[in-house]
Amino acid sequence: MTATAGTVCTGASTAATGYPSFSSYVRARGPVLLRTARSLTANPNDAEDLLQTALTKTYVAWERIEDHRALDGYVRRALINTRTSQWRKRRVEEFVCDELPEPHGLPEPDPAEQQALRDAMWRAVVKLPDRQRAMVVLRYYEDLSEAQTAEVLGVSVGTVKSAVSRALGKLREDPELSPVR
């Protein structure tokens with residue numbers, strides 16, 4: 001009875017204390033630890049490097065870690081400490097200068113002008129004949145291809161091309177849209 005109890009206790013102690021070897025620990029807990037590392041970095045490759053560094057520190061300390069049930073906590077702390085050290089060592093590449101380095105581009109368009117343009121465009125589209133309007137809406141507002149537009153309307157692709165071409169010509173001639181040109 002004692003031998004059986006000893007065997008059960010040995011098996012239980014292996015399960016209770018954790019993992020018999022470092023490699024078995026990494027195989028069992030690696031995916032979970034990688035998710036933790038990914039939550040600490042924005043780049044998946046950096047997360048893998050961070051985890052490798054933390055596991056290297058854990059491997060070096062493997063014999064000194066008395067309670068293998070606390071290995072996850074040890075590795076998490078190593079992940080956080082390593083990430084903090086990396087963050088502190090990061091060089092800042094900013095320099096004071098007299099002029100701003102941003103290029104001088106076009107000024108941002110006025111939202112009111114953009115809305116007025118959209119309204120004028122829609123009024124011009126509404127003036128188109130029903131069939132042309134349907135094709136313009138499907139092609140440019142719904143972003144369907146010529147083939148998809150033809151399929152929806154039950155016409156040929158050539159019909160869509162010619163009708164859309166005529167509709168765009170009418171829109172170009174619309175006096176309400178002339179200030180845009």
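**Confidence and layout**

Reply: The protein has a mean pLDDT of 82, and 83% of its residues reach 70 or more. pLDDT is the predictor's confidence in each residue, from 0 to 100. This is a predicted model, where local features need pLDDT of at least 70, side-chain atom pairs count only at pLDDT 80 or more, and totals for chains, interfaces and linings use all residues. Residues are numbered from 1 along each chain as its sequence is written, and side-chain values use heavy atoms, with hydrogens and water left out.

Me: Where is confidence lowest, and where is it highest?
Reply: Helix 1 (residues 2-17) is lowest, at a mean of 38, while helix 8 is highest, at 94. Over residues 1-17, pLDDT stays under 50. The model has 5 contacts (heavy atoms within 4.5 Å) for that stretch beyond four places in sequence. Where pLDDT is low, the predicted coordinates should not be read in detail.

Me: How many helices and strands are there?
Reply: There are 8 helices and 0 strands. Both are DSSP runs numbered from the N terminus: helices are H or I with at least four residues, strands are E with at least two.

Me: OK, the inside. How much of the protein is buried?
Reply: Buried residues are 25% of the 181. Buried means under 20% relative accessible area, exposed over 50%, partly exposed in between (1.4 Å probe, protein chains only).

Me: Which residues have the most contacts inside the largest nonpolar core?
Reply: Those are Y25, L33, A37, L51, L55, V75 and L79, in a core of 17 residues. Helix 2 (22-40), helix 3 (44-60) and helix 4 (71-89) each supply at least two residues of this core. A nonpolar core is a set of buried Ala, Val, Leu, Ile, Met, Phe, Trp, Tyr and Cys residues joined through side-chain atoms within 4.5 Å.

Me: What does L79 touch?
Reply: L79 touches L33, T36, A37, L40, L50, L51 and A54, leaving out residues up to four places away in sequence.

Me: New topic: aromatics. How many pairs?
Reply: The count is 4 aromatic pairs. Rings of Phe, Tyr and Trp (its six-membered ring) pair if their centres lie within 6.5 Å; planes under 30 degrees apart are stacked, over 60 edge-to-face, the rest tilted.

Me: Why is the F22 and Y59 pair edge-to-face?
Reply: Their planes are at 65 degrees, so the pair is edge-to-face, with ring centres 5.1 Å apart. F22 lies in helix 2 and Y59 in helix 3, so the pair ties together parts 37 residues apart in sequence.

Me: Is F22 buried or exposed? And Y59, buried or exposed?
Reply: F22 is buried, at 16% relative accessibility. Y59 is exposed, at 54%.

Me: What about Y25 and W62?
Reply: Y25 and W62 form a tilted pair, 6.2 Å centre to centre with 45 degrees between the planes. Y25 is in helix 2, and W62 is in the loop between helix 3 and helix 4. Both are buried. Ring pairs link F22, Y25, Y59 and W62 into a cluster.

Me: Last one. Where is D174?
Reply: D174 is in the segment after helix 8 (157-173). D174 is buried, with a relative accessible area of 7%. Its side chain reaches the backbone nitrogen of E176 at 2.8 Å.

Notes. Polar contact = N/O pair within 3.5 Å; in protein donor to acceptor, adjacent residues only side chain to side chain.
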